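Good morning. Please have a look at it first.

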Amino acid sequence: MGSKKRSNDDSTEVVENNNLTDSSIVKNKKSKTEKMNTDSDTAAAAAAPGVASSGKDMEKRKKRKASDKERRRAAALEKNDGVGASRPKPRPVVVNSNSDEADDESLPSAAASSSLPLNYFTDLASSDASVREAAAESLVLRLQEIQKQYELLPDKESVDGGLMLEAEKNDGLENCAPHLRYALRRLIRGVSSSRECARQGFALGLTLPVSVISSINVESLMNLIADSLSVSSSMTRQDIKECLLGRLFAYGALARSGRLIEDWQSDKDSQIIKEFTNALIGLAAKKRYLQEPAVHVLLDLVDKLPTEPVVTHVMESPELHKLFEQATEVGNPDALLLALKLHEKVSVDHPVFSKLLPVPFSSGKFFSADHLSAIGNCLKESTFCQPRVHSLWSVIVDMLLPEAVVQSEDVISVSSSSKKQKRNRKSNPVEEEATNNIRNFCQVIMEGALLSSSHDRKHLAFDILLLLLPKLPASFVQHVLSLQFVQCLMDILSTKDSWLHKVATHFLAELMDWVKDDDTKRVAVTMALQKHSEGKFDNITHTKTVKDLAAEFETEDGCTLYLQNLMNMFVDEQHVPEEPSNMKWSLEPCSLNSDQSQTTDDNSDIGSNEEKDSVGTTGNSDVLKSWVIESLPGILKHAKLSPEAKLRVQKQILKFLAVQGLFLASLGTEVTSFELQEKFKWPKTATPAALCKMCIEQLQLLLSNSQKIENPLSKGNGMEQPDDPVSYFMKFLSTLQNIPSVSLFRSLNEADEKAFKELQETESKLSKEERNCGLATDPNKFHALRHLVVQLLLQILLHPGEFSEAATELSVCCDKAFSSLDLQKSDGEGEADDEEEPAVMDVLVDTLLSLLPHSSAPMRSSIEQVFKYFCQDVTNDGLLRMLRVIKKDLKPARHQEDQDSEDLDDDDVDCLAIEEEEEENEEMGETGESDGQTDDSETVTGVVPMAVDREVPENSDDSDDDDGMDDDAMFRMDTYLAQIFKEKRNQAGDESAQSQLVLFKLRVLSLLEIYLHENPDKPQVMTVYLNLAQAILNPSTAESSLPLLQRIWGIIQKKIFKAKEYPKDESMEFSALASLLEKNLKLAAKPFKSKMSKNKSGVDPSKKKQSAAWNRYKIITNLGQNSTYWVMKIIDSRKFSETELEKILDMFRSAIVGYFDTRKSQMKIEFLEEVFRRRPWIGHQLFGFLLERSGNAKVEFRRLEALDLITETLRSLVPINENTQEDSKKNNEDPSEETDSFD
């Protein structure tokens, strides 16, 4: 300790801690501010108490020893008094003010008791706010105690001389204790430190003493701040920054202390507030980053001041006048913020505001276009503080959207359900002014100043909108999400590498969250985004924003509001998205006593709109209107509505699509129907035919969707579903046709017009029949026919001249169905006499097939619904027509010979065929088998022409494969293929025709799938199976389309093989089933012929062809195996004789012989195991033969595989339990013993 004391003779700090004496405090270096002091001041501050000025070493040592002795005694006394060594928050020492004893000997003791712990200053820089607050509170209490003790001393000069520390006598703080003066200096230096949270902590530590110790002179403190934190040219940039920030924090502490207000209240002539304002603004002028916090310090003071000193002192500051004068030229947002806040405080149009605020001041004048242009620089330059948003903008937002406007909007939203309140509500002047303000602000500042400028200012525009969103009414969305802003948003989102992409993405997420629970806001945002993007916002931005917005309408009010905004957008009305009650132009009945005429002529405005279109107005864009049309049917997709509410919305959509798609107003753009009591509008510019067609297509889709969600009608219901969409549409269509000034959007030729009227009459008859049908007839038949009639009627308008014949046939078919509800009776008559007219069901099937090739998806759905309810009455002829389409091939048969010879064996196609045909190039040695197939298959199906021929002689026509059909039947059958063949002839290649034929086959397969689902146990299932199997075996099927092949196989597998029911008709003879089983066994054993060697042309087949061939081979093999299971199930269900069953066993014997004797047989042993597992009697009968053939097998690995088959047979002979399973495992380990035991 002694050496440490002796080494610090020049120490300038003599403040004691509880464990350290005054002379033990070490200060190795001085701050740069201390170095700037004069030599005399430094010498005075460095003079230790009791040191002689003579400079003799001996005297110095004596003085030092005496001083040390006194300090040690004082420390001992303090310890005995119970003062802790290290307390973070020491309690102030209580001074007995009544003590009259104050002699010289007590001064050292008083000095010791007034010690100032250093840990207070250390804790002020802590990052923990609670530690800083505790240290500041302890410090101020300690300083208060020291100051009280100091004020009680009779001889203050002696103490000042002995305990001067770093305090100077000429700093203006003569009334303060030395420790307090030292603490003030250290606190001022501390606010300039960047260590941890020193600025915050020391500023708090400075605020509290100034606020509670009245002995501190504010003017002297301001001078001390300026002197202690002055800037010199020798400082580094970092040092300058820390000094300037230190002064800012020191001024902030002074402003928050409240002493400025107290001094003014005690002396109103005091100029301290003006001086403080000058000093603060002068400091802000030094650096840009000081301006905003300096303004906030001043505003913090202004908020506490009365109005009088603000006007007489703050606003009279010369620095303030200079700041406001230069604000608009240099672009100072802080000056504008200060002016707005000062005006709000004083509410006086002071001349000092003339450059920044309008005179007289009002919100409307402030946001006028001229004034916004004048202060534009101030607003643009607020980007310097990014990514933080300048505090000026929160003030601007509050002025743009005052609470009166926000509350008014909330009241309107709550009362929007009342139509009368909505109609009678007068415009509010506050709302009108706010609307004009937001419009001018968006046009001048957002679009003119920010969005057209740099990336930083675009970023600022997004930030401003995020500030506006929480308070923004829905009616202002159209102004905020303007054309330029939406286009800027799309440009940014379309490029992921854009610097602002994250900003735009965040804004979009916040926008979606803002509209989450408000349908009105959701509609407004959706309309704005799509209107300014021409309906392509999602496509351009690669997002699902609009799609997600449209999917969130779940209530009837929300759906209606969205619907009406879409309709208004289509007719190009300039509208503000509001509540449904304000825009029901097609929902509210028109008053019959009104002055409106039936047709309103707006032709005078058409020219101007056409000029706008030529310039490229996005509101009239056909792309935008097409989006509107496509969006209408999807409104109800995600809505959770009751059936009645859903029907109401459907009717409104239906009416709009019908009006805009089917009709035109010949004399104007508005037509009032007095019968319907509704007014209908059209766009001022004529709707293009393409959009009309789109409306019709969406109308078809709407009707189709309504059919899917309708509940099936039960027999004997006796009533139609109330106001179903089909009935409503037909009535609506008839009503509009009767209005003289309304006509169809296109003229129809004579045939189409006749078919159009016939379909209308047919629908009317069907509707009556549906209502009056009894128990004998299913009303769903009539309901499905009605939907088909309406779809066909709309199809005539879409494709004139193509569907008139089919429409006539459908009308005739429906008329005959009315006269005889028993369709089977008419079917029988048609089959009994070929000369009579065809059966009703044959005509219906032909009509449905003729509609399939070029029908739309909604129409195909209606066709499938009709076929579903009538498929039980389909005749064999009608079924064969459908199957013929599946096997139809555009390629001539002679072109298939070379291809077939390179694929699977040539008998693949004919193994299930009917006609007698024998292949000459048979590689497997299987000949003479097709002779017996003809009669058998004819027995199964009951008809001759079941299969398409694979080959014909070269000198024959391509139509030879149609033998067995008369001319009339051929004409009816090929009607629905005429367009495909015509297109094939008109094109250079047949690829398009082939693809259309494949598409047609897929559509017919859907009908066949319905037939198999509804009639799983009919004998016609066998007919379908045979023809579909032949289509699979035909190589051209796989060549034309692999998906077609997979689709056919999927139908056979799911609807035939895996169906719970199967044909049990006794008319199927055993010979047919046996022949079919034999062919399936051959298919199951068919080898795969690899094409690894070069073909005839010398070209190696591609891997793609090899893969396609292998996939087809697997399907054919699976077909043979599953067909075998299925045929055996049918055979087992029939009680055939033992002789007949023996033939079945012979077939399996032949298959087993081929399996053991030749490698060409690729039959899987798992297949035979499955047969024996499903039909144990086969394994029992063939067990001995199996043992014999396995022992004589020519191929060794086949003999080993036979053991699995023998094991499976043994399992079926012995009941399965735990003991038999263990015995079976032992026998499997020694197969020779098992074989010997059965010999």
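**Salt bridges, helices and cysteines**

Glu1009 has a relative accessible area of 22%, so it is partly exposed. On the terms: buried means under 20% relative accessible area, exposed means over 50%, and partly exposed is in between, with a 1.4 Å probe and protein chains only. Before I go on, this is a predicted model, in which local features need pLDDT of at least 70, side-chain atom pairs count only at pLDDT 80 or more, and totals for chains, interfaces and linings use all residues. Residues are numbered from 1 along each chain as its sequence is written, and side-chain values use heavy atoms, with hydrogens and water left out.

What does Glu1009 form with Arg1047? A salt bridge, with the closest N and O atoms 2.7 Å apart. The term means a side-chain nitrogen of Lys or Arg within 4 Å of a carboxyl oxygen of Asp or Glu. Glu1009 sits in helix 51 (residues 991-1014) and Arg1047 in helix 54 (residues 1042-1057), so the pair ties together parts 38 residues apart in sequence. Helices here are DSSP runs of H or I with at least four residues, strands are runs of E with at least two, and both are numbered from the N terminus. Arg1047 is also partly exposed, at 27% relative accessibility.

How many salt bridges does the structure hold? There are 29. One of them joins Lys355 and Glu325, whose closest N and O atoms are 3.4 Å apart. This pair links distant parts of the chain, 30 residues apart: Lys355 is in the loop between helix 18 (333-346) and helix 19 (363-366), and Glu325 is in helix 17. Lys355 is partly exposed at 38% relative accessibility, and Glu325 is partly exposed at 43%.

Next, Arg881 and Asp846 meet in a salt bridge at 3.5 Å, N to O. Arg881 belongs to helix 45 (residues 876-887) and Asp846 to helix 43 (residues 840-851), which puts the partners 35 residues apart. Are these two buried or exposed? Arg881 counts as buried, at 2% relative accessibility, and Asp846 counts as buried too, at 6%.

Now to helix packing. Two packed helices are described by the angle between their axes and the distance between the axes. Helix 14 (residues 272-284) and helix 17 (residues 318-330) pack at about 40°, with axes 7 Å apart. That makes helix 14 oblique to helix 17. Angles under 35 degrees count as roughly parallel, over 145 as roughly antiparallel, 65 to 115 as roughly perpendicular, and the rest as oblique. Axes are lines fitted to C-alpha atoms, for helices over the stretch in contact, and angles run from 0 to 180 degrees between N-to-C directions. From helix 14, Asn278, Ile281 and Gly282 make the contact; from helix 17, Pro318, Glu319, Leu320 and Leu323 do. Contact means heavy atoms within 4.5 Å.

Helix 35 (residues 622-631) is largely enclosed by the rest of the structure, because seven of its 10 residues are buried. Among the buried ones are Trp627, Val628 and Ile629. The buried residues of helix 35 pack against several helices, including helix 30 (519-532) and helix 37 (689-709).

Last, cysteines. A search of the whole structure finds zero disulfides, a disulfide being a pair of cysteine sulfur atoms within 2.5 Å. For Cys695, the nearest cysteine sulfur is that of Cys692, 6.3 Å away. Cys695 is buried, with a relative accessible area of 0%. Cys871 is buried as well, at 0%.
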